[in-house]
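Subject: Handover of a structure

Dear colleague,

Please find below the structure that I am handing over to you. My notes on what was found in it follow directly after.

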Amino acid sequence: MQPDTVRIGGASGFWGDASRATPQLLAGGNLDFIVYDYLAEITMSIMARARAEDGNSGYARDFVSVAMADNLDEIARQGVRIVANAGGVNPRACAAALEALIGERSLNLAVACVTGDDLLDRAAGLAGEGIVEMFSGESFPSAERVQSINAYFGAFPIARALDLGADIVITGRCVDSAVTLGACIHSFGWPADAWDRLAAGSLAGHILECGPQATGGNFTDWQLVADEIDRLGYPVAEVGADGRVVCTKPVDTGGLVSIGTVAEQMLYEIGDPQDYVLPDVRCDFSNVSLGEAGKDRVELTGATGRPPADTYKVCATYQDEFRGGTLMTYYGIDAHAKALAQSSAIFRASRQTLRDLGMPDFSATSVEVIGAEGHYGKFRKVDGSREVVVKVAAKHADPKGIGVLLKETVGLGLATPPGLCGFQSGRPRPSPVVRLFSFLIEKSRAPAAIEMNGRRVE
C-alpha cells in the first residue's frame, strides 16, 4: 500500500560534510529515507585519481567508515532506507565495502548499486567524434589527459533499485536531487510522464541537497543563527503523493527553517528558475509559493514540469598543466606595498631560473593581497593596510616549473622587506590543474544497470 507522505532527511551536501548529520537525523526519528549527496565535478576527478592508484578506491570512503559504520545498527532497527551517490567513480567497490560491513554486523540489509554512468573507457572514441564543450566550444581533450567521464543519471534507476528491495542504494554520478526524487518515485509509483510531481520531487531534492544551507547556513540574515552554527539542524523534506512539499528539521536542533532560508536554497545554483534542466524533467520553479506551516516548517507548492531532453549531460575532467603557490603574511606600515614588492621579486627570480634551465615561462600567474580590499576592484591606500596576506601562485606545463616558483618563494624569505611574519605551513607541492569539459550524449548510449545480490538488471 502506497503511503500518502514520506519523510526524507538530507545528511550530506558535499564530500566532507559533518559526521553528526546521520545520528542527528536518526535521533529525530520517523524518517523513511536518509539521502546523501557527495559529488561535485572536482570530486569526481579526485576520486578518479584515487581509483587509478588503487582499484578498490574512487568512492567516498567516509560514507562507509563513518556515516554507515557508526549508525548502521540504528538504521536497521528503524528500517530507514538509504540512498547515496557515494559511489563516485567506483560504486561497485563502495557497495562491496558496505556489504562487508553489513556481514560483520550480521544485519539483514540488501545493497544495490547503480552503474553505467562511467564512460571513461570510451575516452578515445569520444575524442574522435568531434564533440565540443557545450559552453565554450572547445574541442574534446586528448584521451590520455582525461581523468573522468560521467553521465548525470536521473532518479528512475534509484527507484527501480528500491523496487527490487534494496535497503541501501549506492550510485555513481547522478544529479544531486535524484537521490530524493528516486525515493519519491518508488514510494508513490509516479510514472515517467507525471511532470509536475517529478518537478515537485526534484524541488524537494534540491532543498535537501546542500544540507544545512536550507536551515540557516550560507544565509543572508546569518545573524539570526549566528549562535547556533555549531548545531544547525539538517533538513527534512515531507513529500506528499500529490507533490506537496514541507521542509523542516529535527526538533531541538539549531538553525532556522523559514521562507528566507528555503527560498535562498531553492534559487541556489539552478540557472534559469523557469527551465531547470534535469534528466527526468525540465522544472519550472517560477510559480512556486512558499508559506509558513508552523515553527520551522515551510510548505512549497506550485512546481511544474515538462518532458526532459533525450540526452544526458556528461562531465569529463582532464588535466591541464600544473599549479602551485603559497601564502605569506605581512604586518606593519606599508604592509600592502611590501607584499607587492616581494611578489614581484619572487616572479623575477623564478623567471630567471626558468630561463637558466631552458624552460618556458609560466602560462599564468596570480598575486592577491588579502586585507587591502583588492577583491573589491581597487586597493586601499598603501598606508591603510597594516596587516595583509598575499597569495602568490602560478601555472606551468611542467611540475618542475612550479617547483622553481616554490623554491624561489622560500629562498627569498630572508631577502624580504621587514614585516614578513608567516608562511603557509610547510613547502607546498605542485598539483595538477583539473578542468571541466561538459557535453551532451544520447541517453541510449549510456544505459543504466542495477547490481544487487549477484544479479544485474538493465
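**Overall picture**

The chain is built from 12 helices and 20 strands. Please bear in mind that this is a predicted model.

The chain counts 458 residues, and a compact globule of that length would have a radius of gyration near 23 Å; the value for the chain is 25 Å, which agrees. Along the principal axes, the C-alpha atoms fill a box of roughly 75 × 55 × 45 Å.

How much of the chain is buried? Of its 458 residues, 50% count as buried, a residue being called buried when its relative accessible area is under 20%. The accessible surface comes to about 20400 Å², and carbon and sulfur atoms contribute 50% of that surface.

Contacts within the chain were also examined. Among those with a separation of 6 or more, 75% are between residues 24 or more positions apart.

**Strand E4 and its partners**

Strands of a sheet pair through backbone hydrogen bonds, in either a parallel or an antiparallel manner. Strand E4 shows both kinds of pairing, as described below.

Strand E4 covers residues 111-115, and five of its five residues are buried. In a regular strand, side chains alternate between the two faces of the sheet. In E4, Val 111, Cys 113 and Thr 115 point one way, whereas Ala 112 and Val 114 point the other way; all of these residues are buried.

Which strands pair with E4? Strand E6 (residues 168-171) pairs with E4 in the parallel sense over four bridges. Within that pairing, Cys 113 has Ile 170 of E6 as its bridge partner. Strand E19 (residues 449-452) is joined to E4 by four bridges, and these two strands run antiparallel. Here Val 114 has Ile 450 of E19 as its bridge partner.

**Strand E14 and its partners**

Strand E14 spans residues 311-331 and pairs with strand E5 (residues 146-151) in the antiparallel sense over five bridges. In this pairing, Val 146 stands opposite Tyr 318 of E14.

Strand E18 (residues 431-442) runs antiparallel to E14, and 11 bridges join the two. The bridge partner of Ala 316 in E18 is Phe 437. Strand E16 (residues 387-396) is likewise antiparallel to E14, with 10 bridges between them. There, Gly 324 stands opposite Ala 394 of E16. Strand E17 (residues 420-423) is joined to E14 by three bridges, again in the antiparallel sense. In that case Met 328 stands opposite Phe 423 of E17.

**A three-stranded open sheet**

In what order do the three strands of the open sheet lie? The order is E9-E10-E13, and the pairing is antiparallel. Strand E9 (276-277) and strand E13 (304-306) are the edge strands, as each pairs on one side only. Strand E10 (residues 282-284) pairs with E9 in the antiparallel sense over two bridges, and Val 277 has Arg 282 of E10 as its bridge partner.

With kind regards

Terms used. Residues numbered from 1 in each chain as written. Predicted model: local features only at pLDDT ≥ 70, side-chain atom pairs only at ≥ 80, totals over all residues. Heavy atoms only, no water. Rg over C-alpha atoms; globule rule 2.2 N^0.38 Å. Buried < 20%, exposed > 50% of the residue type's maximum accessible area, 1.4 Å probe, protein only. Contact = heavy atoms within 4.5 Å. Areas by Shrake-Rupley, 256 points an atom, 1.4 Å probe, with all protein chains shown as cover. Pairing = 2+ DSSP bridges.
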